Amino acid sequence: MTTAEIDPDTAAPETVDLRAEYETSGVRAVLDELDRTLIGLAPVKTRIRETAALLLVERARRKLGLAHETPTLHMSFSGNPGTGKTTVALRMADLLHRLGYVRKGHLVTVTRDDLVGQYIGHTAPKTREVLKKAMGGVLFIDEAYYLWRPENERDYGQEAIEILLQVMENNRDDLVVILAGYGDRMARFFEANPGFRSRIAHHVDFPDYDDAELLAIAEVMLAAQNYTLTPTARAAFADYVPLRRAQPHFANARSIRNALDRARLRQANRLFLTADGPLDAAALSALDEPDIRASRVFRGGLDADRSQP
């Protein structure tokens with residue numbers, strides 16, 4: 001073969017069908033799963049779809065032999081507890097793997113305690129060990145602002161921050177870092193740490209759920225465990241949600257899960273005390289109105305998960 005000839009097996013294609021790429025890459029499956037498993041979060045889902053479109057186009061450009069550069073994919077997820085940040089991070093890791101932007105597609109979730117040591121010389125090996133585990137996937141740092149404690153001159157968080165910044169810059173093609181936490185605290189963290197701000201390309205805000213969404217989330221959670229709400233129990237839970245939201249330390253879906261766990265405890269106790277014969281699957285699976293209205297929330301008291309952030 002002369003230098004003027006082109007090997008048809010290795011030559012770049014002249015066109016790329018983006019719709020076909022969307023289907024065959026598995027991106028559609030990931031996004032559909034996101035819609036099925038997450039109630040609400042419309043702005044979050046829109047941002048994830050936009051990111052998926054960008055990555056598909058970049059992959060198509062690469063196939064056509066066009067100039068391209070691996071996009072910066074480090075992200076910030078801001079929102080209150082229980083708004084789905086970890087779940088979306090898991091889906092994002094899957095998405096990036098299917099599109100070939102990370103090798104493995106696994107998610108490593110850490111907090112400050114996993115990165116910062118207690119004495120001199122302890123932080124660097126801890127941080128590097130976490131980064132080693134996360135390579136080829138996504139590192140999710142929850143409540144990332146706790147890495148930065150300016151009030152403590154002897155704190156070792158700054159050392160972890162410097163290592164993270166270096167790896168985020170030098171290993172962009174093998175690691176995606178997602179920083180997560182409360183919106184206001186994340187904003188202050190970025191103001192104080194401009195190195196992070198310059199490396200984070202995608203800032204995603206997670207809104208709180210409204211009452212109807214929280215009720216739907218409750219039903220999805222129960223269905224996953226083969227439980228149901230009777231019609232009167234559903235009405236009672238619809239009354240419960242706004243009362244609980246008005247209390248301190250409400251954590252969206254996390255608080256709903258805790259409420260359902262307590263309702264199941266009450267149901268089990270009710271059945272144990274009142275059943276006078278064999279019970280079928282329907283009886284064992286149905287939460288009834290008394291199981292919901294026994295909550296202290298209806299008596300003006302604080303719910304049992306009040307100590308949770």
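Which strands and helices are included in what covers the buried residues of H6? The cover includes strand E2 (107-110), helix H5 (112-115), strand E3 (138-142) and helix H7 (157-170), where contact means heavy atoms within 4.5 Å.

This is a predicted model, in which local features need pLDDT of at least 70 and side-chain atom pairs count only at pLDDT 80 or more, while totals for chains, interfaces and linings use all residues. Residues are numbered from 1 along each chain as its sequence is written, and side-chain values use heavy atoms, with hydrogens and water left out.

**The protein as a whole**

The protein has 14 helices and seven strands; helices (H or I, at least four residues) and strands (E, at least two) are DSSP runs, numbered from the N terminus. Taken along the principal axes, its C-alpha atoms fill a box of roughly 90 × 55 × 30 Å. Of the 309 residues, 43% are buried, a term that stands for under 20% relative accessible area, with exposed meaning over 50% and partly exposed in between (1.4 Å probe, protein chains only). Among contacts with a separation of 6 or more, 76% come from residues 24 or more positions apart. The protein exposes about 16,100 Å², and carbon and sulfur atoms supply 52% of this area, which is computed by the Shrake-Rupley method with a 1.4 Å probe.

Helix H6 (residues 123-134) has 12 residues and reaches 17 Å from its first C-alpha to its last, close to the 16 Å expected at 1.5 Å a residue, the expected span being 1.5 Å times one less than the number of residues. Its buried residues are Thr123, Ala124, Thr127, Val130, Leu131 and Ala134. These residues cover an arc of only 135 degrees around the axis, which puts them on the same side of H6; the arc is that of the directions from the helix axis to the C-beta atoms. On the other side of H6, Lys132 and Lys133 are exposed. Just after the helix, Gly136 takes a positive phi of about 85 degrees.

In helix H2 (residues 27-37), the residues Val27, Val30, Leu31 and Leu34 are buried. They cover an arc of only 95 degrees around the axis, and therefore lie on the same side of H2. The buried residues of H2 pack against helix H1 (18-24), helix H3 (42-63) and helix H4 (85-98).

**Individual residues**

Most residues other than glycine have a negative phi. Asn226, in the loop between helix H10 (211-224) and E6, has a positive phi near 60 degrees. His249, in the loop between helix H11 (231-245) and H12, likewise has a positive phi near 60 degrees.

Thr228 lies in strand E6 (residues 228-229), and, leaving aside its neighbours within four places in sequence, is in contact with Ser285, Ala286 and Leu287. Asp280 is found in the loop between helix H12 (253-274) and helix H13 (281-285). The accessibility of these residues is set out below.

| Residue | Relative accessible area | Class |
|---|---|---|
| Asn226 | 61% | exposed |
| Thr228 | 44% | partly exposed |
| His249 | 45% | partly exposed |
| Asp280 | 49% | partly exposed |

Two C-alpha to C-alpha separations complete the account. Thr228 and Leu284 are 56 residues apart in sequence and 9.7 Å apart in space, whereas Asp280 and Arg103 are 177 residues apart in sequence and 48 Å apart in space.
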